[in-house]
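I opened this notebook to record what I looked up, going from confidence to the interface and then to individual side-chain pairs.

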Amino acid sequence: MEKEQFEITMVEYLAGELTQTASSEFEEYLKNNPVQRAEFESLQQTWGKMDEAVVPETSEAMDVRFFEMLHIAETEKANKSTGFVEGLSSFMSLLWRPQVAYGILLVAIGLGTGYFMSTNTAQSDTPNTVVVDNETEEVREQLVLTLLEQPSANQRLQGVNEANKIEKVDEKVIKALLQTLNNDANVNVRLAAIEALVNYVDKPIVREGLIQAIGHQESPIVQVTLADLMVALQEKKSIAPFKALIRSKELDTSVKEKLESSIQQII
Amino acid sequence: MHSLTDNALMLKVKAGDLDKLGLLYERHKKRLFGFFYNMNSNAMISEDLVQNVFVRMLKYKHTFTGDGAFTAWMFKTARNVNYDYYKKNKIAFHQKEVSEMEYKLQDSTDTEKGIIAKDKLSLLQQAMGYLAPEKREILMLSKLKEMKFSEIAEVLGCSEGNAKVKAHRALKDLRTVFLQLEKR
């Protein structure tokens, strides 16, 4: 093996990027080449020592500063959109010259005359659309609540899917979804409820509900899905219910291992 | 769960949902802090630099395409932040001899307040301090379990093979310095 190739393979081996076959080949090569083996062993030791480097915990002040920065950025973004309206009005004031004003006046008179002379008195559609949209949302919410109470798992699943279509979900629907997650007899419906709730994890009530749901779950797949979700959210409050779950005797061994590793990732 | 991957979250931030940066922060703050801390052994400065990375990610969110891994993009930003910090503070970005460094460590208490006393660091961390920053950097990146060498190469802007050779040589240097310190 050439020097550079040896260096590359060694790094791949140490970083765990070699396949099993390539690893065994490399080990075999080392057995037959004592000089390279000595070099490898000394570097492997240093590589291992790097894991012992102690890094202190980050302070709470760092979190406070970050979220302040984020809040300022969000406020600035909101102001920017109002800034656009202001910019438009200043642009309009620039146009406010006698010639332009006269032109606009003429157009307005023309439009006004046209409006009064027109026999078609159709009104603007916009308010109606808003009302219709609101009504659709309300009907959809009712549909979700009704479907979630049906005895057929298929219909309940449909109910959860309908919930995904609601843009501004209200507390009633969230509570119904959480209740489904805690009490539904069908695993697929419970999993779908988690998927639907993931859309609203920004709301404290949803996060709180998901954490409380951990203790109610008996199905391994639901437990594992919740664990993955909590890791993704880095939700520290979920550690206690997970630990309680690990202590219970009935828990599947592989789920137990999974939960332990999830707790580690959250900490 | 697809909507919660790093890439999906960053694309949401790019689309204007800035709130999602909070989740990315919670997920990566420790890793970034560890990276900076191993580079400068100063917790206070490292926290500032973590903050700078996220400020910059917000500022340059339009450059995130979602094609590569988010961690590679994030560490590329972190690397630039670190480099700018060195440049701004006029700290030399090159390797020093062990004897020279010893002198600097004794002398720099006023200018680099917050640096943890030398004896509190493990021998290996002290040895790290003697390495050139670019060598320290590649060793830190290779130790991250989440990053493959293809991504590290992307961060460093070199070929994958080159990144591995660099990592090997940095490790060798670290070993040499470590042995030198151990003999004392």
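Predicted model: local features only at pLDDT ≥ 70, side-chain atom pairs only at ≥ 80, totals over all residues.

**Confidence by chain**

For chain A as a whole I noted a mean pLDDT of 83, with 87% of its residues at 70 or more.

I then looked up chain B, for which the mean pLDDT is 82 and 81% of the residues reach 70 or more. Among its elements, helix 3 of chain B stands highest with a mean of 93, whereas helix 5 of chain B, residues 98-107, is lowest with a mean of 44. I also marked residues 94-117 of chain B, over which the pLDDT is below 50, and I recorded that this stretch has 29 contacts in the model beyond near neighbours in sequence.

**Interface of chain B and chain A**

I asked next how many residues of each chain are in contact with the other. The entry reads 48 residues of chain B and 45 residues of chain A, and the area buried between the two chains is about 4,500 Å², with carbon and sulfur atoms giving 64% of that area.

For the polar side of this interface I wrote down 21 residue pairs in polar contact, both residues being at pLDDT 80 or more, and a count of 8 salt bridges between the chains. As one case I looked up B:E47 and A:R65, whose side chains meet in a salt bridge with an N to O distance of 3.5 Å.

On the side of chain B that touches chain A, at least two residues each come from helix 2 (21-40), helix 3 (43-59), helix 6 (123-130), helix 7 (133-143) and helix 9 (160-183) of chain B. By class, I listed the residues of that side as 23 nonpolar, 10 polar and 15 charged.

**Pairs within chain A**

Because A:F6 lies in helix 1 (residues 3-14) of chain A and A:Y29 in helix 2 (residues 20-32) of chain A, the pair ties together parts that are 23 residues apart in sequence.

Key
Residues numbered from 1 in each chain as written. Chains lettered and ligands numbered in written order. Heavy atoms only, no water. Contact = heavy atoms within 4.5 Å. Buried area = accessible area lost by both parts, 1.4 Å probe. Salt bridge = Lys/Arg side-chain N within 4 Å of Asp/Glu carboxyl O. Polar contact = N/O pair within 3.5 Å; in protein donor to acceptor, adjacent residues only side chain to side chain. Helix = DSSP H or I, 4+ residues; strand = E, 2+ residues; numbered from the N terminus. Nonpolar A, V, L, I, M, F, W, Y, C, P; charged D, E, K, R; others polar. pLDDT = per-residue confidence, 0-100.
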